[in-house]
Amino acid sequence: MNQKDTSTNILPACILLSLGIFVFDLFMPLGVAAAVPYIGVILLSLWLPERKHTLLAGIATSILTILGMFWSPPPIEKIWIVLANRSISLLGIWSAVVGVSRYRSLLEVIQAQKELLEKEEEDLRQANSELEKYTQELKRSNAELEQFAYVASHDLQEPLRMVASFTQLLQKRYKDKLDADAHEFIAYAVEGANRMQRLINDLLSYSRIHTKGKPFEEVDCEEILGEARANLQLAIEKSGALVTNDSLPAVMGEASQLMRLFQNLIDNAIKFAGEEAPRVHIAAEKKGAEWLFSVRDNGIGVEPQYHERIFVIFQRLHGREEYPGTGIGLAICRRIVERHGGRIWVESEPGQGSTFYFTIPSTGGYEHEKARRRNTDRDPAGGG
């Protein structure tokens, strides 16, 4: 309803109706009955644009009600009856004024709420539009990263293999003609090429945890721990490590990634062993809706200020000469755990060993991965 468009018609109607009621009241004193058409005038003022029109209508009809009694006075014996009737009429008129005024206030509140909702809806549409734009940019960026991973897995590794192979061939063919310095330089070149290849492989593994992951299925953690232990058998025997475990549950996840998780944590414990032979113990316990796993060792430990840093990619606390590696292993662990809907952290003190904890939801990890897959496009770039 557009009050401004109708006010030009309603205002004259209110005036004419009020005068008509007044004239009729002069010739046929209506008493209480006069309040009814006057209340109709009050209700008509609802269509006028401002609240003051309702108040003016109440004042005008009240004056006309009082004037009607004086201009057409009743017999003296009926004066008290007429006064009572007129009082009731005024009460009815002002009750209507109050009612219409409150109704107007309610309409104003509703209109304000409507405008606020419309503004919020517009803001939400703009936010959704921005989010959609950022989502598309993220998808495009992920596609570019996948393309880079494809290039890294093929085009970058092939030259590295050629460098290592031909350098070794050079050493083999001309070993009698090369001095000690030349053999040392060749060894550096081969080691550098091999280290770069390991770094690229780890980077590929890190980038593919989400994009190349397989659908979740029930995984026996004791079985995949056995696979991880078998993969590390040479390192375990060489270091004299003892790897033990409690009974481990079955969880929803990807077997190859969870095996890589256990393998990285055990390998980390062996690598950073102290003076004693490495001792590694794996356990799990149910905590509400998730399983809490722990991997405890007796190694050199980690200072508290580095507890978060060690999970960041390429963040090393020790030199490569002291402890070999690419600095990606624990970052891969965190990425695997996060993909499964859990979290990972370490509790450690220097010289007192370390305990790595990670959680896997008993069912939530599966739902977490299904939701992630619903919101992620299939890989457009391929991969090596």
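Leu55, Leu56, Ile59, Ile63 and Trp94 make a nonpolar surface patch of about 440 Å². To count for a patch, a residue needs over 30% relative accessible area and no salt bridge, with nonpolar side chains (Val, Leu, Ile, Met, Phe, Trp, Tyr) joined within 5 Å and like charges within 9 Å. Helix 3 (residues 51-71) brings the largest share of this patch, four residues. Leucine 55 sits in helix 3 and, at 43% relative accessibility, counts as partly exposed. The cut-offs here are under 20% relative accessible area for buried, over 50% for exposed, and partly exposed in between (1.4 Å probe, protein chains only).

A quick word on what you're looking at. This is a predicted model, where local features need pLDDT of at least 70 and side-chain atom pairs count only at pLDDT 80 or more, while totals for chains, interfaces and linings use all residues. Residues are numbered from 1 along each chain as its sequence is written, and side-chain values use heavy atoms, leaving out hydrogens and water.

**The overall picture**

The protein has ten helices and seven strands. These are DSSP runs numbered from the N terminus: helices are H or I with at least four residues, strands are E with at least two. Of its 384 residues, 34% count as buried. The accessible surface comes to about 22,900 Å², with 59% of it belonging to carbon and sulfur atoms; the areas come from the Shrake-Rupley method with a 1.4 Å probe, and for residues only the protein chains shown count as cover. Among contacts (heavy atoms within 4.5 Å) with a separation of 6 or more, 73% join residues 24 or more positions apart.

**Helix 8 and the core**

Now for the inside. A nonpolar core is a set of buried Ala, Val, Leu, Ile, Met, Phe, Trp, Tyr and Cys residues joined through side-chain atoms within 4.5 Å. The largest one has 38 residues, and those with the most contacts inside it are Leu261, Phe262, Leu265, Ile266, Ile282, Phe293 and Phe358. Several elements supply at least two residues each, including helix 6 (221-231), helix 9 (329-339), strand 4 (279-287) and strand 5 (290-297). Helix 8 gives the most, with eight residues.

Helix 8 itself is mostly covered, with twelve of its 17 residues buried. Among them are Gln257, Leu258, Met259, Asn264 and Ala269.

Take isoleucine 266 as an example: leaving aside neighbours within four places in sequence, it is in contact with Leu225, Leu232, Val243, Val280 and Ile282. There is also a second, separate core of nine residues, which includes Tyr38, Ala57, Ile93 and Ala96.

Serine 294 is found in strand 5 and counts as buried because its relative accessibility is 13%. Beyond its neighbours within four places in sequence, serine 294 is in contact with His281, Ile282, Ala283, Thr355, Phe356 and Tyr357.

Is alanine 273 buried or exposed? At 17% relative accessibility, alanine 273 counts as buried. Its C-alpha atom and that of alanine 241, 32 residues apart along the chain, are separated by 9.2 Å.

**Salt bridges**

The structure holds seven salt bridges. Each is a side-chain nitrogen of Lys or Arg within 4 Å of a carboxyl oxygen of Asp or Glu. Here are some of them:

| Pair | N to O distance |
|---|---|
| Aspartate 123 and lysine 119 | 3.2 Å |
| Glutamate 122 and arginine 125 | 2.7 Å |
| Arginine 339 and glutamate 254 | 2.5 Å |

Aspartate 123 and lysine 119 both lie in helix 4 (residues 79-173), four residues apart, about one turn of the helix. Aspartate 123 is partly exposed at 36%, and lysine 119 is exposed at 52%. Glutamate 122 and arginine 125 are three residues apart in helix 4, so about one helical turn separates them. Both are partly exposed, glutamate 122 at 32% and arginine 125 at 47%. An α-helix has 3.6 residues a turn, so residues three or four places apart point the same way.

Arginine 339 lies in helix 9 and glutamate 254 in the loop between strand 3 (250-253) and helix 8, so this pair ties together parts that are 85 residues apart in sequence. Arginine 339 and glutamate 254 are both buried.
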